[in-house]
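Hello,

Here is the structure I promised to hand over. Please open it first, then read my notes below.

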Amino acid sequence: MDDPLIVVALVLVAVSATAAVAVRDPARQALVLAVLGTVLAVLFTVLQAPDVALSQLAVGSALTPLLIMLSVRKVRRPQRKKEADR
Amino acid sequence: MSVFPYLVAVWVFLVGCYGLVTSRNLIHAVGCLAVCQSSTYVLLLAVGYRDGATAPVFSDLKPGSRPVVDPVVQALALTDVVVGATVTAVLLALVLQISKLHGTVDPDELSELRG
Amino acid sequence: MTRRTRLFVAALGGTGLAVLLVAACFCLPRFGGAQHPYGDRVVRASLARHTANTIASVNFDQRAFDTLGEMSILFASVLGTVVLLRQTRDEHRAAPEPEQVAVPVRRFALLVLPVAVVTGLYVIAHGQLSPGGGFQGGVVLATALHLLYLGVDYRALERIRPVGFYEIADALAASAYLVLGLAGLVAGTAFLANFLPYGTFNTLSSGGTVPLLNAAIGMEVACAVVVLLARFLDQAVEIEKGGEK
Amino acid sequence: MNGWTVAATATLAAGVGAAAWGVATGPLRRRVVAQNLSTSLACPALLLLSEGYDRPSYVDLALLLALLGPVGTLVFARLLAEDLAADPPRAWGLTYAVAGFGGVVVIAVCVAAGPGRALVKLLVVGALLIGGNLTASRALSGGFAGSRRG
Amino acid sequence: MNRRTTLLGVAEVLAWWAVLALLWLVFISAVNTLELVVGASAALVGAFAAWGTRRAVSGW
C-alpha cells in the first residue's frame, strides 16, 4: 500500500549504512552515524513502530555521536601534544 | 518486494562486518558494530510488519478499527536500541584504555605489539 | 596471520554467510503478511489490561522479566564503564578552560534545556498511552542536561551535576524495579505480575504496575546515561596523562 | 498512499537522500551542514507522515527530533570547533531554504489539524525546528570562537 | 543571599513553572486531575532545572 515510501526509506538506510562503513575517519564516521540514526528512525516510523523510532531518535541523534566524539577527542589529544612538543 | 527489506537487513549486517574486519581504527570498528546492531532492528521490524496496518498504540485510535502490526518485535527492538548504546559506551571505554596503555588504536599495530 | 590472509579468510567466511543469510531470507514469512499470531494475542491481552500502548504492555507487564534482564545489562555496562574509566595514579586533573560561546547558541541552550526536561518527563509519564516510555524519555532527560556542556561550558555542567547523586539514584531506580516485582509476590501473585487495579483505559493511571515500572526504568536510564557521559567527559576534558601538579 | 505520504516520500528521497550523500563526501564543512539539514528535513517528513497516517500521536516523534536534532549538531559544532574554525561552513542560503520548507510544512499540517490543542503543539514543534536549525547553523559557523579545550 | 535575590529567584521559578505547565497542557491529549497533578510537578522539576542552570551559568 505504501510500498514506495518503504522502499525509499530502506534504500536510504542501506546507503547511509554503507557510507558509515566506507568513511574511515572516526569523527566523520560519527557524522554519518548521526544521519544513519535519523534515517533509521524514519524507516521505523514507516514500518509503524513509533516507539522504536523514538528510541532510535533519542539515542542516535545526540547520545552516540557525543560518545564517539568524546572518545575521538581523548584519543587524539596525546598525539596533538606530541606534535606540539616536536 | 516481499523479501527486499530482509535483503536490506542482510546487506547492512554484511557491510558492518566488512567494516569491522578491515577497520584500521578501533573507534571506527565500534561504529561499524553499531551499524551491525541496526541491521537486527531492521530485520525484526520487517518481520513484524503487516500491509496497510498501523501502530498498536490506542491513545488516538479506536481498538479494532484498523489492523495493527506486531508489537512483540517492536518491544524487543525498543529496549535493545537503548541498551545497545550503553554497550557501545563500554566498548569505547575499552578503546580508551587500550589507547592509554599502548598509545595506538590501530588493531594491526596492537597485534604487532603483543607478538 | 598476515593482513592479506586474514582478509582472504574473512572474504571466504563472509561469502558463505551472505549465501546462507540470503537463502534464509527467502524462507522467512512474506514481508507485510497477515499472519502474526503472537501479535494478535498480545494486543488482546494488552487491551484486557487497559494499557493503550501495547508495546509498553509487552515491555513492562507481559514480558517484564525480560526487561529486568535488559535493565541489568544497562546497569552492568554502566558499572563496567565506571571501572574502566576511573582516574589512574599516573593521571591528574587539569581544570577545563572556560569556553567562549556565541550568545545566540548560549541562549538557545539555556532556553531549550527546561523544555527538553519537561518533554523527557512527558515521554516517560505517557509511556503506557502514546509512543514513548522510560527508555526513550530517560535518554532525552540525560541529553537535556548535557546541553549545558554543549551550549555553555563544562564547569557549568559540573556545578549542577553531582555524579555521586546520580550513581545512587541509578541504584535506587534499579532496586525500585525489583521491589515492584517483589511486591507482586507479597500481593499473592507472581514475581513482576500486574497486581494493581487496571484503572480507566487511556488515562495516566491505567495499566496497573506499567506506569510505575516505566517511571523506574526512566529514572534508571536517565541516571545511567548521565553517569556514563560524566565518565567520558572527565576523560575527554579533565583527566590528563602525567603525575605532575 | 495519499497526498501527505507522497509529499513525505518526495522529501525523503530528494532532501534526506541529498543530505546522506552530502554527509558522506566532500570537505568537513559540507558534511556538518548536511548533517544539520538531514535532521531539519527529516522532521517535516515525520510531520507529514503523522498527518498521512492520520495518527496525531506520531507528532511526538517530530517533537523529539526538533528538540534533539540541533543538540546533535551542537555536539559536532562543539567538538570539531578547531577544524571548523579553519574552514567555516558557508551555506546560509541552503539553511534558510530548508528552514522555509519546514515552515511551509508546519503551516500546511496546522491547516489540516484545525484549531485546538494539536495546533499549538504543531506550532511548538515548528518553532523548535526552525529556531534549532538556525541556531545550530550559527554554532557551526563560528559559534565556539574561543575554543581551546573544555 | 538577601531578600531581594530570594524574591527574584522565586519569581523566576514561578515564571518558568507557568510556561512549562502550559507546555505540558499543549503536549497532552486529554485533561484530567491526575494529568494536571503530574504536569504541575513535571513543570516544577523543569522550572528548578532552568533556575539551577541560570545560577550555574552566571549571566544570560
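Let me start with contact order in chain D. Of the contacts in chain D between residues at least 6 apart in sequence, 75% join residues at least 24 apart. Keep in mind that this is a predicted model.

**Chain D**

Chain D has six helices and zero strands. Read from the N terminus, its elements run α-α-α-α-α-α. The radius of gyration of chain D is 16 Å, close to the 15 Å from the globule rule for 150 residues, so chain D is as compact as a globular protein of that length. The C-alpha trace of chain D spans about 50 × 30 × 20 Å along its principal axes. As for burial, 60% of the 150 residues of chain D count as buried.

One helix pair in this chain deserves a look. Helix α1 (residues 3-24) and helix α2 (residues 28-52) of chain D have axes that come within 8 Å and cross at roughly 165°. Angles over 145 degrees count as roughly antiparallel, and so α1(D) is roughly antiparallel to α2(D). The crossing of α1(D) past α2(D) is left-handed. Sorted by class, the contact of α1(D) with α2(D) has 16 nonpolar, seven polar and three charged residues.

**Between the chains**

Which chains share the most contacts? Of the nine pairs of chains in contact, it is chains B and C. There, 42 residues of chain B are in contact with 49 residues of chain C. On the chain B side, α1 (4-22), α2 (26-48) and α3 (71-102) each supply at least two residues. The largest share of that side comes from α3(B), with 16 residues. By class, the side of chain B that touches chain C has 30 nonpolar, eight polar and four charged residues.

Chain D also touches chain B. Four residues of chain D are in contact with five residues of chain B. The chain D side divides into two nonpolar, one polar and one charged residue.

Chains A and E are another matter. No contact joins chain A and chain E. Their closest C-alpha atoms lie 16 Å apart.

**Backbone points to check**

Most residues other than glycine have a negative phi. Two residues in this model are worth checking on that score. Q48(A) is not a glycine, yet has a positive phi of about 65°. Q48(A) is found in the loop between α2 (26-46) and α3 (50-85) of chain A. Is Q48(A) buried or exposed? The cut-off for buried is 20 or more other C-beta atoms within 10 Å. Q48(A) has 26 of them within 10 Å, so Q48(A) is buried.

N202(C) is the other residue. Its phi is near 65°, a positive value in a residue other than glycine. N202(C) lies in the loop between α9 (163-186) and α10 (210-238) of chain C. With 19 other C-beta atoms within 10 Å, N202(C) is partly exposed.

**One more residue in chain C**

E167(C) is found in helix α9 of chain C. E167(C) counts as partly exposed, with 18 C-beta neighbours inside 10 Å. How far from D61(C) is E167(C), by C-alpha atoms? The separation is 27 Å, for two residues 106 apart along the chain.

Best wishes

Definitions and conventions. Residues numbered from 1 in each chain as written. Chains lettered and ligands numbered in written order. Predicted model: local features only at pLDDT ≥ 70, side-chain atom pairs only at ≥ 80, totals over all residues. Axes fitted to C-alpha atoms, helices over the stretch in contact; angles between N-to-C directions. Helix = DSSP H or I, 4+ residues; strand = E, 2+ residues; numbered from the N terminus. Parallel < 35°, antiparallel > 145°, perpendicular 65-115°, else oblique. Left-handed = near helix turned anticlockwise from the far one by under 90°. Nonpolar A, V, L, I, M, F, W, Y, C, P; charged D, E, K, R; others polar. Contact = placed C-beta atoms within 7 Å. Buried ≥ 20, exposed ≤ 12 C-beta atoms within 10 Å, placed from the backbone. Rg over C-alpha atoms; globule rule 2.2 N^0.38 Å.
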